[in-house]
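Me: I would like to go through the charged pairs in this model. Could we take them one at a time?

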Amino acid sequence: MRKFLILLLFLTSIAAGILLYIISLNIEKNREEEIADTIKNYFDKQINKQKSQALMLAILLAQNEALKNALLDIDEEKGHQILYDALQTLKKYTPIEGVRAQVIAKDLTIFARSWDKEFSGMPIEGFRKDLSNFKITKPKVSIEAGRLLTIKATAPVKNRYKIIGYMEIIVLFEPLTNILRKKGIELFVLMDSNYLDVATLMRENPTIGSYVVSNRNYNKPLLIYLKRNLKFIEDDVSSDSNYLFITKPMLNSQGDRLGVYVMVFAKEQIRKLEPFSKPLSLFLDIDDDALRDIIMIWEHPEGSFRAVYDKSVVEFLSKTKDSELRKEFELEARQILQNYSKEELIDIIINRYKADPKRGAIR
């Protein structure tokens with residue numbers, strides 16, 4: 001009987017140990033999945049921020065009258081200089097990095113680039129299925145495989161109502177890699193090697209399995225580590241004793257799979273994630289709705305007004321402090337708004353005040 005009790009106690013202890021081990025594994029797995037979700041969210045916000053900046057820049061440069069005239073006059077030299085000067089000014093006064101600009105003629109040939117003059121007139125239809133397969137009538141931004149895999153924001157260049165070309169902002173992945181690295185996250189942008197027939201400038205890039213590394217400032221020791229452990233880029237979330245691996249699919253504008261993003265986070269750095277994981281859910285940088293809002297502004301700059309002129313008169317009236325100018329613009333605004341219906345005036349008032357933050361204490 002005593003031997004039986006000892007054996008039972010021994011088996012119970014083993015079972016309890018196994019149960020505790022399984023529970024600890026599940027707790028660790030849940031924690032890793034929670035951290036992976038935080039990193040994915042942070043990545044999404046940062047790449048969307050890159051996209052929105054590129055889209056806004058493409059829209060702004062597409063309105064440049066000097067650039068439009070250069071395109072109409074087929075003056076490639078002038079087009080190059082305008083793009084080069086614009087980006088140099090932006091780099092001087094803003095923190096943008098890894099940005100290039102080019103104008104594509106309506107026949108899908110290169111008109112001008114900010115970074116070189118050698119390829120003017122070169123057809124790109126064979127390299128850019130996203131441009132060839134459908135006519136771009138409004139701004140768009142996406143990850144696309146051209147001669148390089150990059151973020152590409154494209155906006156039509158219009159002469160009055162006629163499209164005469166396309167303004168394109170190209171953003172490399174190096175700035176995004178640096179942003180994530182500051183948080184302890186190493187990024188690998190991996191393009192499927194099947195796209196190398198198009199991405200000709202990436203044929204000498206290092207590879208991992210069937211993928212080509214697209215960001216040039218990748219972590220070299222980790223690249224070697226991944227090459228020896230290809231299984232870690234196959235699952236959404238995986239880990240070993242040293243690292244947490246997070247994989248996200250990379251799609252183009254048509255929903256085709258271009259490859260994957262792989263983020264690597266050292267387990268010894270996990271404790272450093274806590275300070276920014278909570279603020280991340282509170283301070284979202286930008287989301288897909290913001291991208292749609294940018295395009296909406298481009299399509300309808302007049303907002304709730306019937307015309308851009310009407311909007312500009314009312315906005316100037318609300319900002320100017322000059323009493324004489326106010327009288328003049330108030331008279332003009334009254335004449336304009338008298339022709340608006342009650343519903344239109346309500347829309348203007350609602351849209352004017354819904355974005356204004358309300359401050360002060362509730363009493």
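Me: Which residue does K140 meet in a salt bridge?

Reply: The side chain of K140 pairs with that of E144 in a salt bridge, at 3.8 Å from N to O. A salt bridge here is a side-chain nitrogen of Lys or Arg within 4 Å of a carboxyl oxygen of Asp or Glu.

Me: What kind of model is this, and how are residues numbered?

Reply: This is a predicted model, in which local features need pLDDT of at least 70, side-chain atom pairs count only at pLDDT 80 or more, and totals for chains, interfaces and linings use all residues. Residues are numbered from 1 along each chain as its sequence is written, and side-chain values use heavy atoms, with hydrogens and water left out.

Me: Back to that pair: is E144 buried or exposed?

Reply: E144 is buried, at 3% relative accessibility. Buried means under 20% relative accessible area, exposed over 50%, and partly exposed in between (1.4 Å probe, protein chains only). K140 is also buried, at 12%.

Me: How many salt bridges does the structure hold?

Reply: There are seven salt bridges in the structure. One of them joins the side chains of R181 and E186, at 2.9 Å from N to O. R181 is partly exposed, with a relative accessible area of 29%, whereas E186 is buried at 12%.

Me: And which residue does D116 meet?

Reply: D116 meets R113 in a salt bridge at 3.7 Å, N to O. D116 is buried at 16% relative accessible area, and R113 is buried at 10%.
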